[in-house]
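Hi,

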Amino acid sequence: MAFALVCVPVVAQEARLGSAEAAIQARIEKSGADVAVYFKMLDGKSEWTLRPDEMFHAASTMKVPVMIELFHQVKLGKVKLDDAVPIKNEFHSIVDGSVYTLSAADDSEAELYKADGQTRTLGELCELMITVSSNFATNLLIEKLGVANIRGTVHELDADGMNVLRGVEDGKAFEKRLNNTTTARGLGVLLEAIAEGKAVDAASSRDMIAILQRQKFNEGIPAGLPAGIAVAHKTGEITKIHHDAAIVFAKRLFILVILVRGLADKKDSAALMADITGKLFAATQ
C-alpha cells in the first residue's frame, strides 16, 4: 500500500505531462514554426525535450555565455566588475579584420551610443547586455573578454550546443553564414549551471541570477506563468527568430528553453512561447 501511495502521484504527473506534450505538439504544428524545447525540473523528476540538439541562430541568447565568462575572469582576477572600458563604436569582422560599426537604430538600447568617448564599467555593460539586450555593450564585452575564452568556458560547462563565433552585427560574417548558434539543450545546460551555483561559483551564480531577473522583455516565458513567480531569463530576437531561456523559480524549480524560428510577427512567437510554458507549468506543478 505504501508503494502505491508513493507511485500514484508520479504516475498521475507522467500522465499530465504526456497530455501536455501532445497539446504542445499540436500547438506548434498549428503555428507553422520550427520549435525546439528543453524542459527540466531541477528535482530530477521530470524532463521533456523537443528537437533539443537542433541548431538555431542564437540571436541574443549568446549573451548568456558572455556574462558567464565575465564572472569567470573576475574570479580569476583578470578583470574587476568596476574596471572602466572606453566606449568606442568600432569593431573588427572575423572574416577579414575590416572595421564595422553598430547602429543605434538596429539596437534595443540607444543610450550607450551617446557615451562615445566616455567609459563604462564592465558591470554596467553586463547589465545593459542582459537586461535590455544591448548589442553595443555585448561587443565591447566580447572584445575585452575574448571569443576564445568564452568558447572555452562554454566547453568546460559541457554546453557545446552553444557556439559563440563573433560579436553582433558582423555583416561580412553573416553573409558567409558565420553565425552564433545554439541548441535548446546547450543553452539549457548553461542556465542549469547558473541555477545550481556551478557557473563559476555559487556567489557568481547568485549575481548572474539577479541580473537575469532584471530582464525587461517578458512577453515570452514569463507571460505563460502565474503572476508573482520569479523568472531569471534571457531572450533573443532577429528576423523570424525569437527565443527565451529561463530559470523559473516555481515551487518546483525548472529550466525552460524555447527556440522559435519562422514566425514573422513577434506577437505570434511570444504567444506560442507563453502557451508552451503554461502547459508545462500546469502539468508539473
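Predicted model: local features only at pLDDT ≥ 70, side-chain atom pairs only at ≥ 80, totals over all residues.

Residues are numbered from 1 along each chain as its sequence is written, and side-chain values use heavy atoms, with hydrogens and water left out.

**Two packed helices**

Two packed helices are described by the angle between their axes and the distance between the axes. Here, helix α2 (residues 63–76) packs against helix α7 (residues 184–195) at an angle of about 35°, and their axes are 10 Å apart. Helices (H or I, at least four residues) and strands (E, at least two) are DSSP runs, numbered from the N terminus. The axes are lines fitted to C-alpha atoms, for helices over the stretch in contact, and angles run from 0 to 180 degrees between N-to-C directions. The crossing of α2 and α7 is left-handed, meaning that the near helix is turned anticlockwise from the far one by less than a right angle.

Which residues meet there? From α2 come Val 64, Pro 65, Met 67 and Ile 68, and from α7 come Leu 187, Leu 190 and Ile 194. Contact means heavy atoms within 4.5 Å.

**Salt bridges**

How many salt bridges does the whole structure have? The search finds 16, where a salt bridge is a side-chain nitrogen of Lys or Arg within 4 Å of a carboxyl oxygen of Asp or Glu.

One of them joins the side chains of Lys 75 and Asp 201, at 4.0 Å from N to O. Lys 75 lies in helix α2 and Asp 201 in the loop between α7 and α8 (202–213), so this pair ties together parts that are 126 residues apart in sequence. Lys 75 is exposed at 52% relative accessible area, whereas Asp 201 is partly exposed at 24%. For these words, buried means under 20% relative accessible area, exposed over 50%, and partly exposed in between (1.4 Å probe, protein chains only).

Another salt bridge pairs Lys 198 with Glu 196, and their closest N and O atoms are 3.5 Å apart. Lys 198 is exposed, with 55% relative accessibility, and Glu 196 is partly exposed, with 37%.

Then there is Lys 266 with Glu 237, where the closest N and O atoms are 3.2 Å apart. This pair links distant parts of the chain: Lys 266 is in helix α9 (residues 266–284) and Glu 237 is in strand β9 (residues 230–238), 29 residues apart. Lys 266 is partly exposed at 33%, and Glu 237 is partly exposed at 42%.

Is Ala 33 buried or exposed? Ala 33 is buried, with a relative accessible area of 9%, and sits in the loop between α1 (2–31) and β1 (34–41). Its C-alpha is 5.1 Å from that of Gly 262, although the two are 229 residues apart in sequence. Leaving aside neighbours within four places in sequence, Ala 33 is in contact with Ile 28, Val 260, Arg 261, Leu 263 and Leu 272.

Leu 272 belongs to helix α9 and is buried, at 0% relative accessibility. With neighbours within four places again set aside, Leu 272 has contacts that include Arg 27, Ser 31, Ala 33 and Val 35.

**Surface spots**

Arg 177 has a positive phi of about 60° although it is not a glycine. Arg 177 is in the loop between α6 (171–175) and β8 (181–182) and is exposed, at 73%. Lys 240 also has a positive phi of about 60° without being a glycine; Lys 240 is in the loop between β9 and β10 (241–249) and is partly exposed, at 46%.

Enjoy exploring, and write back with any questions!
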